[in-house]
Amino acid sequence: EEKKIIEKRQLAESIKVGETEVRTIEKPKDEVGKKVEVRNMKWNEAIESNEYRSAWAKDMMGQSLSNEERDFLNKVNDEYREFTHTTENTQVLIPKTVAAGIWRRAEEQYPLWADVRKLRVTGTLSMLRSDGNAVDARWYTEDQKVDTDKLGFGTMELTGCELAKAIQVTWKLKKMALPEFEAYIIREIGDRMGISLSAGTYTGRGKPGAGDTFKPEPYGIKTRLTAESGTPQLKTYAGDITYRDLTGVMAGIHSSYVNGAVIYANNTTIWNQLANIVDEMGRPLFVADVQAGGVGRIFGKTIKPDAGMPDGEIMVGNVNAGYVANINEDITMYREEHVRERLTDYMGDAIVDGDVVDTKAFVILSNG
């Protein structure tokens with residue numbers, strides 16, 4: 001009897017595994033009341049269990065939870081707050097697969113955001129950015145003095161901007177099955193976050209200055225290019241885009257960024273403009289090709305449709321090399337009930353920031 005008591009006590013105590021604490025989290029009873037297996041789980045394993053995902057979805061839908069489900073939900077969230085040393089976040093922790101599904105949906109619908117290099121650093125992230133100075137490529141004889149390349153670097157700080165998107169659901173719609181509810185949240189919140197992330201990457205206004213009334217946003221590529229003296233990375237055309245317009249755009253990309261450059265435009269611009277361009281011999285430049293991740297190619301560069309791009313405007317750029325984003329805080333879900341209207345608001349909230357590393361990685365062509 002003493003041995004059993006000791007074993008139970010050891011099972012309930014914290015166990016150190018490297019730097020990660022593992023605690024006993026008891027899984028709830030199943031639907032027929034039978035005891036589900038009790039085992040040791042890390043909190044990030046428990047949050048992905050079917051029991052937690054079911055309890056989370058039922059809680060978000062306003063359904064009643066059994067005592068075992070409520071206890072399990074609370075235990076996992078208590079572990080989360082302890083591991084992350086957070087006492088302010090009282091929202092129910094979203095399953096990782098749901099959060100990942102929302103990010104994935106945003107990337108599937110908006111390839112400009114999908115191609116951005118993303119980091120996940122909590123707090124302010126400081127990085128160096130190029131100032132565009134050229135590097136000396138000359139060779140020297142033995143008796144010559146070697147000149148020093150004078151490289152200049154600017155700095156950028158990604159502090160974090162709040163991205164919040166909400167949807168409103170009728171109480172009748174909330175009667176859907178749990179898997180359908182999860183898929184619905186991923187699709188609707190992912191679509192809304194995607195358009196904001198794509199627009200922020202392209203035309204985000206950055207941090208407000210004195211007298212500005214807008215909220216903090218990531219710095220957009222077009223915003224940074226427009227702020228340059230003489231705007232060398234901005235090109236214009238009149239009427240329809242021509243062969244020479246495109247060659248001029250390609251010439252504006254720095255050679256180090258050509259490999260990996262992609263053409264971005266919305267669907268209307270692609271099929272009304274790019275798909276109809278011919279060279280000086282009358283041969284079409286557009287080659288249909290869905291295998292490369294876009295809808296076609298011009299000059300060997302993949303063309304990707306992004307709804308965040310304005311009509312009549314295209315961008316050629318190496319987004320992965322020339323732009324960086326930081327996800328300071330992952331997605332949190334909030335719920336608010338409106339009893340009289342019989343409606344429920346669901347809001348996804350994340351902290352994201354982004355900025356251009358090197359403007360020479362991009363050229364924008366617009367109808368001047």
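I began with T231, which at 26% relative accessibility counts as partly exposed (buried is under 20% relative accessible area, exposed over 50% and partly exposed in between, with a 1.4 Å probe and protein chains only). The model is a predicted one, so I note that local features need pLDDT of at least 70 and side-chain atom pairs count only at pLDDT 80 or more, while totals for chains, interfaces and linings use all residues. Residues are numbered from 1 along each chain as its sequence is written, and side-chain values use heavy atoms, with hydrogens and water left out.

I placed T231 in the loop between α8 (221–226) and β8 (helices are DSSP runs of H or I with at least four residues, strands runs of E with at least two, both numbered from the N terminus). T231 is not a glycine, yet I find its phi to be positive, at about 40°. With a relative accessibility of 34%, F299 counts as partly exposed. I keep in mind that most residues other than glycine have a negative phi.

**Helix α3 and its end.** In α3, which covers residues 50–60, I list Y52, A55, W56, A57, K58, D59 and M60 as buried. After α3 comes G62, with a positive phi near 80°.

**Aromatic pairs.** My search of the whole structure gave three aromatic pairs (rings of Phe, Tyr and Trp, the last by its six-membered ring, pair if their centres lie within 6.5 Å; planes under 30 degrees apart are stacked, over 60 edge-to-face, the rest tilted). One of them joins F181 and Y346 edge-to-face, with 5.5 Å from centre to centre and 65° between the planes. This pair links distant parts of the chain, since F181 sits in helix α7 (residues 178–203) and Y346 in strand β15 (residues 343–356), 165 residues apart. I checked both partners for burial: F181 is buried at 2% relative accessibility, and Y346 is buried with a relative accessible area of 0%.

Another pair, W271 with F286, is also edge-to-face, at 5.3 Å centre to centre and 65° between the planes. W271 belongs to helix α11 (residues 267–272) and F286 to the loop between α11 and β10 (287–288), so the pair ties together parts that are 15 residues apart in sequence. Here W271 counts as partly exposed at 41% relative accessibility, whereas F286 is buried at 13%.

**Charges over rings.** I then looked for charges over rings (NZ of Lys or CZ of Arg within 6 Å of the ring centre and within 35 degrees of the ring normal). The charged end of K118 sits over the ring of W113, 4.8 Å from the centre of that ring. R224 lies over the face of Y219, and its distance from the ring centre is 3.7 Å.

**Nonpolar core.** The largest nonpolar core holds 76 residues, and those with the most contacts inside it are W56, I102, L274, M315, M333 and F362 (a core is a set of buried Ala, Val, Leu, Ile, Met, Phe, Trp, Tyr and Cys joined through side-chain atoms within 4.5 Å). Helix α7 gives the most to this core, with eight residues.

**Cavity and pocket.** I worked on a 1 Å grid over the protein atoms alone, where a cavity is a set of points that a 1.4 Å probe fits but cannot leave, a pocket is an open set with protein on both sides within 12 Å along at least five of seven lines, and lining residues have an atom within 4 Å of a point. W113, L197, G200, T201, P218, Y323, A325, V352, D353 and G354 line the largest cavity. In that lining, α7, β14 (323–338) and β15 each supply at least two residues.

For the second largest pocket I count a lining of 16 residues, of which E162, L163, P216, E217 and P218 lie nearest its centre. Both β7 (161–170) and α7 supply at least two residues each to the lining of this pocket.

D240 is in the loop between β8 (234–237) and α9 (243–252), and at 54% relative accessibility D240 counts as exposed. D240 and N272 stand 32 residues apart in sequence and 9.2 Å apart in space, C-alpha to C-alpha. G248 lies in helix α9 and counts as partly exposed at 27% relative accessibility.
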